[in-house]
Amino acid sequence: MKLFPKTFCYTLMLMIIITLIGHGLMYFLIPAFYTNQKESLAESIGEEIIQQLQQSSELSEDKVLERYAKNKAFVNLTCGDKQYVYGSFYIEDALNGNGKDYSFQASPGDQANDAQSNVTGAEQGIDGLAPYLTAQFVKREFSFQNADNEDCTLLILVTLQPVNETKGIVLEILPINLLICFIISAIVAFLYSRRLSTPIKKISETTEQMRLLKRNAVCEIRTKDEIGQLSQNINALYKELLTSIDHLHAEIAHVSEVEQSKIDFMRAASHELKTPVSAVCTMLDSMILGVGKFEDTDTYLPVCKEKMLQLSSMIQEVLDASKLTGQPEEPIKKVQLSELLHEVCNSYRLIADSKGIVFYIETEKAGVVHIPVKAVKRAISNVISNAVNYTNSGGKVSVICSEGTIIVENECVPISEKDLNHLFEAFYRPDYSRSRETGGNGLGLYITHKLLDTYKIPYSFMPYEHGMRFTINCPTNNRFVK
């Protein structure tokens, strides 16, 4: 069974059981409570009559009895040779099955006088019910002495006829009452089950949409109870799930991009390494066979060695580039940028002097920066190395630093916009012949680009009126610390 019919059946069954138990308790407990109340009434009437008759002999017995017996009980008082009978109620004669209405009046006098017939009739009617008194009456009998020291007997009878009539009425109206209670219970059970199951049904429908990863699936929150809290928790959980899925897709795309980049890099590296290896092998074969000018081994063996040294340097740079993961690995440190720049530029100043290049450096306003020292140092070294390598004799290379911004300029023929779009790709060179002569292998700017992107350090490489300008904006505060 589904939730709605199951809740409806359980609720209706529970309400019917409660109704039956309630009617049963009412049917069986009302007589008990009523009988207990009448017993207490008989006790209190007897005690009060005895108390008043014992206090003073001037009190009239008939006045005392009349006060308590009227509409309350049947009272029979016998003091010496006098008997007083008061009371009025309906008695069912169990002997002949007929009902008789006995009306008693005060009848003091000797038991031998004419009033005896009334008393005797009354007693016969009551005595005839002797086996049934426990079901029809509450009977209490007291023995005491009055104020005149006379031995007295007091009989109190309180009728239970009203409660018997009530039980009969309850049995008569029970079918109608049960039918009404059943109809009300069914309506209440239907409304309760519908109200309880509707939000759960909607949550189930929404979670089914969430299972299909529909982006617009949201549980409606209309209450602040546990069901409303459940809807809120499901919405929060689904939101986190979508966020995790988006991050996972982004990570998968990033990993795929990195893997593809590595594949492209290894293909390019293989191609780049193949060229010098083939050249060296060709020269060695020619020297071994003594072909043409390669017979002069003293001249071409040093050339082969130089080629192998270049190949070794290229292999080392390929290995270094292959280790770049795209994730920050180096801690951030606070450094004086001027000291770092002078340390990097010292070796390149000597190379520039040997090539007849003017090398200018200005770091008075460099300031303090927070950077990964090794990564930034290597990036700056690659940029300055390119600037020195691609500047002709008589040209100028400038390194200017101000408040964390490093500007490296070199005088040369500006690179075209077409080449700029590919300049940070691995092994890309705008002029291959010049690059091989100067020893460039196309990995310098690629490594610089990877390092600066990893630590999210802004940079740019643009032409200006005299050549090319590379700008690096080092952070002056530790924005990397989380």
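Are Cys-79 and Cys-152 buried or exposed? Both cysteines are buried, where buried denotes under 20% relative accessible area, exposed over 50%, and partly exposed the range in between (1.4 Å probe, protein chains only). The structure is a predicted model, in which local features need pLDDT of at least 70 and side-chain atom pairs count only at pLDDT 80 or more, while totals for chains, interfaces and linings use all residues. Residues are numbered from 1 along each chain as its sequence is written, and side-chain values use heavy atoms, with hydrogens and water left out.

The protein chain contains twelve helices and twelve strands; these are DSSP runs (helices: H or I, at least four residues; strands: E, at least two) numbered from the N terminus. Of its 482 residues, 34% count as buried. The accessible surface of the chain amounts to about 29500 Å², and carbon and sulfur atoms account for 56% of this area, as computed by the Shrake-Rupley method with a 1.4 Å probe, with only the protein chains shown counting as cover for residues. Among contacts (heavy atoms within 4.5 Å) between residues at least 6 apart in sequence, 64% join residues at least 24 apart.

One disulfide is present in the structure, the term being applied to a pair of cysteine sulfur atoms within 2.5 Å. A disulfide is a covalent bond between the sulfur atoms of two cysteines. Here Cys-79 is joined to Cys-152, with an S to S distance of 2.4 Å. Because Cys-79 lies in strand β1 (residues 74-79) and Cys-152 in strand β5, the pair ties together parts that are 73 residues apart in sequence. The torsion about the S-S bond is about 120°, and the disulfide is therefore right-handed. Another cysteine, Cys-219, counts as buried because its relative accessibility is 3%.

The largest nonpolar core has 46 residues; such a core is a set of buried Ala, Val, Leu, Ile, Met, Phe, Trp, Tyr and Cys residues joined through side-chain atoms within 4.5 Å. Phe-359, Ile-380, Ile-384 and Ile-406 have the most contacts inside this core. Helix α9 (residues 373-389) gives the most to it, with eight residues. When residues up to four places away in sequence are not counted, Ile-406 touches several residues, including Leu-337, Leu-341, Ile-380 and Phe-470. A second, separate core of 24 residues includes Ala-73, Leu-77, Cys-152 and Leu-154.

Helix α12 is largely enclosed by the rest of the structure, because eight of its eleven residues are buried. Among the buried residues of α12 are Gly-444, Tyr-446, Leu-451 and Thr-454. Just after this helix, Lys-456 takes a positive phi of about 55° although the residue is not a glycine. Lys-456 is located in the loop between α12 (444-454) and β11 (459-464), and is exposed, with a relative accessible area of 62%. Asn-149 likewise has a positive phi, near 60°, in a residue other than glycine. Asn-149 is placed in the loop between β4 (137-145) and β5 (151-159) and is exposed, its relative accessible area being 59%.

Nonpolar residues also occur on the surface, where Met-13, Ile-17, Ile-21, Leu-25, Leu-29 and Phe-33 form a patch with about 600 Å² of accessible area together. Ile-21 belongs to helix α1 (residues 3-55) and is partly exposed, with a relative accessible area of 48%. Patches are made of residues with over 30% relative accessible area and no salt bridge, like charges being joined within 9 Å and nonpolar side chains (Val, Leu, Ile, Met, Phe, Trp, Tyr) within 5 Å; a salt bridge is a side-chain nitrogen of Lys or Arg within 4 Å of a carboxyl oxygen of Asp or Glu.
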